[in-house]
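Biologist: Got the model open. Can you walk me through some helix packing and a couple of loop residues?

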Amino acid sequence: MFNYRLLIIVFVLIFGAAASGILRLDIDTDVVRSLPSDQTVISDALEIFTNHPIHDQIAVDITLDREDQDMLVECGNFVEQQLRESALFTEVGTSEIGKLIPALALHIVNNLPIMFSPEELQEQIAPRLEKEFIQQRLQKLLQKLSGLEGIGQSEFIAKDPLGLMEPVMAKMAMLAPTEGSRMYRGHLLSADNRHLLVSARPITAGTNTASARQISLLLAAISQNLTDKYGSEGIKVTLTPVGAYRAALDNERIIRHDVRLALLLSTAGIALLLFFSFPRPLLGLFSLLPALAGTAAALFVFSLFHSSISIMVLGFGGAIISITVDHGIAYLLFLDRPRETTGKGASREVRAVGILAVLTTGGAFLILCLSGFPIFVQLGQFTALGVFLSFLFVHSIFPRITPSMPPSSKRRALPLQGMVDKLYGTGRIGAVAAAILACTLLFFAHPKFNVSLESMNTVSTETLAADKLFSTVWGNIGDKVFLMVTGDSITELQKQNDTLLQKIESDQDASIIKSAFVPSMIFPGELRSRENLTAWQQFWDEERSEKLHKELKESAVSLGFAANGFDSFLNQLQPPFQTNVSSLPSHYYNLMGISEKNDILVQFITLSPGQNYNSQSFFDQYSQDAKIFDSPYFSEQLANILFTTFATMLAIIAISVAILLFFFFLSWQLTLITLLPPLFSYVCTLGTMQLIGHPLDIPGLMLSIVILGMGIDYSIFFVRAHQRYRNPDHSSFKLVRMAVFMAAMSTLIGFGVLCFAEHSLLRSIGVTSLLGIGYSLLGAFLLLPPLLQAFFSGKRQAPLTEQSLVQRVMGRYHLMEAYPRMFARFKLKSDPMFGDLATLLAKYTDSTETILDIGCGYGVPGCWCLEYFPQSKIIGLDPDPERVRVATLAMGKRGDIVQDMAPKLPALSKPADLILLLDMLHYLDDETITTLFTNCLQALAHDGILVIRYVIRPDAPPSKSWMLEHYRIKFSGGTPWYRSSEKMAELMAGTGFLIESNMVSQSNPELIWIIGRAEKDDASTK
């Protein structure tokens, strides 16, 4: 019954393939990298995600339960020290940036002539030259110098008494995370003085989960240390860290949990289903074997072409098992029967009914490779491999593991089989109910899309709370627009900055941009410096310069300043104007948002949109100068791209499936009937999702393709079963129904368990697929039975009396599969056999009632004889079970086809009047033919005839059809036997036949016709 040795080998190979595949592959937990990169909006965003310093940066909010700036600073210093000592970070804190501010201010003061555009000089500088402002300003400076605040400020006051640098420094406010935040003792404090921000940059990428776990443990330890240090004093210090590391950890933890849960529950659920569905329960569990083997083999093959696999694809593993278990279930159902069965026989039945379903399912997943999403490309390849390899296992390895199966000694009751039969037998009532359901849900079937990065990532409630606190205290980064500029040198970068600044200033005037900071505001490039210097020269005309000299000196002297105390400032107003135009120093890179990667300088510019901001216009205007990330626009474009991509793929696969079905069935009616349940499923799924408030997201768009590929399988199984067995009560038809129901239920279990997943992406896959597959099953069971019953019980279009003999023969095949139907058509049209038979048998029309067709094939000559001899009945013989099945259907009640091989003949209730041996004697040797002729003579009635057509070896070069048949026999391991007409007549005569006719076919000289008569006396007849 079982080949246990092979079974053990298979289990070892399954384990080895799965282990090898997992060890060879890196598991990728970063689902953001799954976005398509062939669209500018998406590729820009991905590059900004990858290169922006905040991508890997960790930020820690230190919250104090009281307003105490110095205590906050003390806590901040403690946290920074702990982070530095951990050796996990390359950079900690903002103190280094704070130290740059005085030097930056001095740079501005020393280069005032190149700091202002013409508009800025008029709007920001001119008001500071008024006498009232000068006096108020000098009074404030005097107060500052008299206090501690003025220590070290004398140089700034002498060079810039009017604070002309202040408008320039104010532009750097965009660099602060939120309005109101300020630097205090080298630390960034919030406006309410209760929060302090500590930032750090890890050595490794933020999505590196190994490093992320170390960082998480470190921050937990620091938090505990703070509690131990200050808790005894009644001071509560709270650490709230945020960063990519938290999302990476959450995604890995959640997905790993969901993967294990999905695999466990789906395998257990399917095993339970199988246990209660088979006559021999333990046998049913073996239907998991092809699915496990196919999945393990797919994992190994996948590892040969890829270095990593997304954890989301592995999360789909349980669903893959449920998809690929279908054919294993069907195979074992055909194997586990009340009579003895063989593995080859079960494989043949399943393959005949399900081969098209494998093509559609595998094709649907392969279509995902066109999506442009790396994760969906992987998913498509991995699942298609699993489907095809499982199918190969069922039809190549499984029959060797179970070469035969004895009949079950005890049949147990299977209530599930009765329930399935009743569901399929609802008839018109079920179809009407399904139509009413579809029409009702059609009113709600308006797809709503929710496509965002949030739908691809799931984080814990703690991480969400931390993100919310940061948005409240330090601002929401999603409200900003980011530009990324790259250059080979700082000179090139400054040149690009000058161009961008000019555009940004224009858009600020138009209220398109509210605020922005560009390094050219402080370190202008050559072009900007030249333009600003020219504006400075024009602004400081002789009259304005003299007026300022006079008013400044008078006000200074009146307040006690030295008369020449501000000469260094006033000298900048006298031509020739001197300034130091230099490249932006590298120690300012971090402050200016510049970093160096792979010898390329990368700079980020942050903008706040204005009231007239339009994302599309902004993108059109700036996309040539920089890469852009605008969160709302990105989400909108991503939604459009995804919808367009998946709608296109859905259309492609729908058309491809329709074309495939048509060429497989060669019937537009059957094609439409087969497509009806998937259409029903789409309408009902969209309507239900609308009612439950679940919009279409990225998984929903993806599964719209997959559902068509999988859901149509149930339709295909039922249509093929109707073609093959015709009668819904046929025992094999019942097995197909059971196989479809169990396959669907196993798929629903595999996908249904994902509804309990914590990760939003897996959960959405579960909900969408559960609805889609469930409605596909319901549509197949309710809509198809009455439609198929009506189609396959249809009457011929024209009365028999109005049809020719060939049309009547073709009518016997018009509801069959495409191959036998086309075979009959082309044979009737192209084979001269039937014209020759009409001539040879014309004088036997009245005496022919019983016909024996040996090697009947698909029964075309036999059906011709039934129509030619209206009162006749035919007994056929053929070794091939598929040809026997087709011939039986074609001949109907007037035929009795037996599966056996010549020279054996079936038992006859009465002697035959006509025996046909057509195109099959070249397969037999002389001894076998002699035995066959002897048996035929005994089977014939007195004066009965034996009609033979056989192939000879032609004297002339053989035809292509002769060569094709010759080499087909050779390749199959057989030996063709060619005999001359004299030799064949000699063999017939030697067994007692009287040769009545021996002639070459008029249409083909490679074929010979011989008719032999059986002359018997009364004793021999009896």
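Modeller: Terms before anything else. A crossing is left-handed if the near helix is turned anticlockwise from the far one by less than a right angle, and right-handed if clockwise. Helices (H or I, at least four residues) and strands (E, at least two) are DSSP runs, numbered from the N terminus. This is a predicted model: local features need pLDDT of at least 70, side-chain atom pairs count only at pLDDT 80 or more, and totals for chains, interfaces and linings use all residues. Residues are numbered from 1 along each chain as its sequence is written, and side-chain values use heavy atoms, with hydrogens and water left out.

Biologist: Which hand is the crossing of α37 and α39?

Modeller: Right-handed. The axes of α37 (residues 926-939) and α39 are 9 Å apart, at an angle of about 45°. Axes are lines fitted to C-alpha atoms, for helices over the stretch in contact, and angles run from 0 to 180 degrees between N-to-C directions.

Biologist: What do we call α37 and α39, then?

Modeller: Oblique to each other. Angles under 35 degrees count as roughly parallel, over 145 as roughly antiparallel, 65 to 115 as roughly perpendicular and the rest as oblique.

Biologist: Which residues make the contact?

Modeller: From α37, Asp926, Ile929, Thr930 and Phe933; from α39, Lys983, Met984, Leu987 and Met988. Contact means heavy atoms within 4.5 Å.

Biologist: New topic. Where is arginine 979, and is it buried or exposed?

Modeller: Arginine 979 is in the loop between α38 (960-971) and α39 (981-990). Its relative accessible area is 6%, so arginine 979 is buried. Buried means under 20%, exposed over 50%, partly exposed in between (1.4 Å probe, protein chains only).

Biologist: What does the side chain of arginine 979 make a polar contact with?

Modeller: The side chain of aspartate 926, at 2.7 Å. A polar contact is a pair of N or O atoms within 3.5 Å; within protein, one must be able to donate a hydrogen and the other to accept it, and residues adjacent in sequence count only if both atoms are side-chain atoms. The arginine 979 side chain also reaches the backbone oxygen of leucine 921, at 3.3 Å.

Biologist: And isoleucine 512, where is that?

Modeller: In the loop between α22 (490-509) and β12 (513-516). Isoleucine 512 is partly exposed, at 22% relative accessibility. Leaving aside neighbours within four places in sequence, isoleucine 512 is in contact with residues including Pro609 and Tyr613.

Biologist: Last one. How do α17 and α18 run?

Modeller: Roughly antiparallel to each other. The axes of α17 (residues 343-367) and α18 (residues 374-401) come within 10 Å and cross at roughly 170°.
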